[in-house]
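Please open the structure in your viewer and keep the sequence beside it.

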Amino acid sequence: MSEHGAVPAGVAEREGEVRLSDGARLRMPLRDADIAALEAVLAPMRAWTSPEFLGFGNIPADGPVMLVGNHNFLGIDTPLLWPEIARTRGRLVRGMAENVLITVPGVRHVLHRIGCVRGTRENCRVLLEQGEMVLVFPGGGREAVPRKGDKYTLDWDGRLGFARLAIETGTPIVPMAMIGADDLFDIVVDGRHPAMWPVRTLVRSLGLKAELTPPLVRGLGLSWIPKPERFYYSAATPIDTTPWRDATDLDAAAAEVQAVVRKALEEELRFLLAHRDRDRGRTLTGRLRQLAGL
């Protein structure tokens, strides 16, 4: 419900309860059984990548929060955030899912079960006004489908919507840096290569932009088995957006907030990259040697 009691566009009200679009639930219980089930599903990925989570004490334990992250290869690393934040901060992450995923009935059901909603401004606003934690990736699909040579770079040009919403709702922003997923595979040719035109055609037929054409990759050897690279996550110090709340030019204020968040996230990425380079357990071989005391 908005501050004036009106239900925002795209949000339905049924039996006195405000609901998000597509039948998503506004509030969801955080049950130990659900966390355990999700951890069981993610156990193979967790075992293969042996993730490290740093600075999660920076994530507020209550009140509206916007986690702003960098999108890595196909978002493979994102699901591991859910059980970790649930266990350490006692909170459910509400993810903003791509429209194309929400249109698929089976996929939509799974996404709704873990708290994800269609990634619209209206849904995001309502969740923040209800004191929820929202995860957004300003780079969207452009970052999740990397080009050859691109790793851990932010593609945020013109992406100010998240900053506007944070200002308007008085929500603190926690930059969430993630690395590891871009190292699982080597890109042989990216989606722009002439040889990928059949895939680009398929992508367009699905109603997607050609820039979202996935690359041709290889993992271990010539296979598609992902390399056992460790995933690293780091939550930075929250950024208070209230100093911009009374700005007369919201667009200019949003641009300033975006720049502040981007700088903080880039610094956190540099920290993680340096941490990774010092980590003997980055690879599976290194982790096995550590277990053997070598």
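## Starting from one threonine

Select threonine 241 in this predicted model: its relative accessibility is 0%, and because buried means under 20%, this residue counts as buried. Which residues is threonine 241 in contact with, leaving aside its neighbours within four places in sequence? They are Ala166, Ile167, Gly170, Thr171, Pro172, Ile173 and Val257.

## On to isoleucine 173

From that list, select Ile173 next, and display what surrounds it. Not counting residues up to four places away in sequence, isoleucine 173 touches Met66, Val68, Phe162 and Ala166, then Thr237, Pro238, Ile239 and Thr241, and also Val257 and Val261.

## The nonpolar cores

Several of these names return at the next stop. The largest nonpolar core has 35 residues, and those with the most contacts inside it are Met66, Val68, Phe162, Ile173 and Val261. To see where this core comes from, colour strand 4 (65–69), helix 5 (121–129), strand 7 (133–136), helix 7 (161–169), strand 8 (173–179) and helix 9 (250–278), each of which supplies at least two of its residues. Helix 9 gives the most, with 8 residues. Then select Leu67, Leu80, Met176 and Ile187, which are included in a second, separate core of 32 residues.

## Stepping back to the whole chain

Zoom out and show the protein chain as a cartoon, in which 10 helices and 11 strands can be followed. The radius of gyration is 20 Å, close to the 19 Å that the globule rule gives for 294 residues, so the chain is as compact as a globular protein of that length. Along the principal axes, its C-alpha atoms fill a box of roughly 60 × 50 × 40 Å. Of the contacts with a separation of 6 or more, 79% are between residues 24 or more positions apart.

Finally, colour the chain by pLDDT, for which the mean is 89, with 94% of the residues reaching 70 or more. Select residues 1–16, where the pLDDT is below 50, although this stretch has 27 contacts in the model beyond near neighbours in sequence. Where pLDDT is low, the predicted coordinates should not be read in detail.

Conventions:
Residues numbered from 1 in each chain as written. Predicted model: local features only at pLDDT ≥ 70, side-chain atom pairs only at ≥ 80, totals over all residues. Heavy atoms only, no water. Core = buried A, V, L, I, M, F, W, Y, C linked by side-chain atoms within 4.5 Å. Buried < 20%, exposed > 50% of the residue type's maximum accessible area, 1.4 Å probe, protein only. Helix = DSSP H or I, 4+ residues; strand = E, 2+ residues; numbered from the N terminus. Contact = heavy atoms within 4.5 Å. pLDDT = per-residue confidence, 0-100. Rg over C-alpha atoms; globule rule 2.2 N^0.38 Å.
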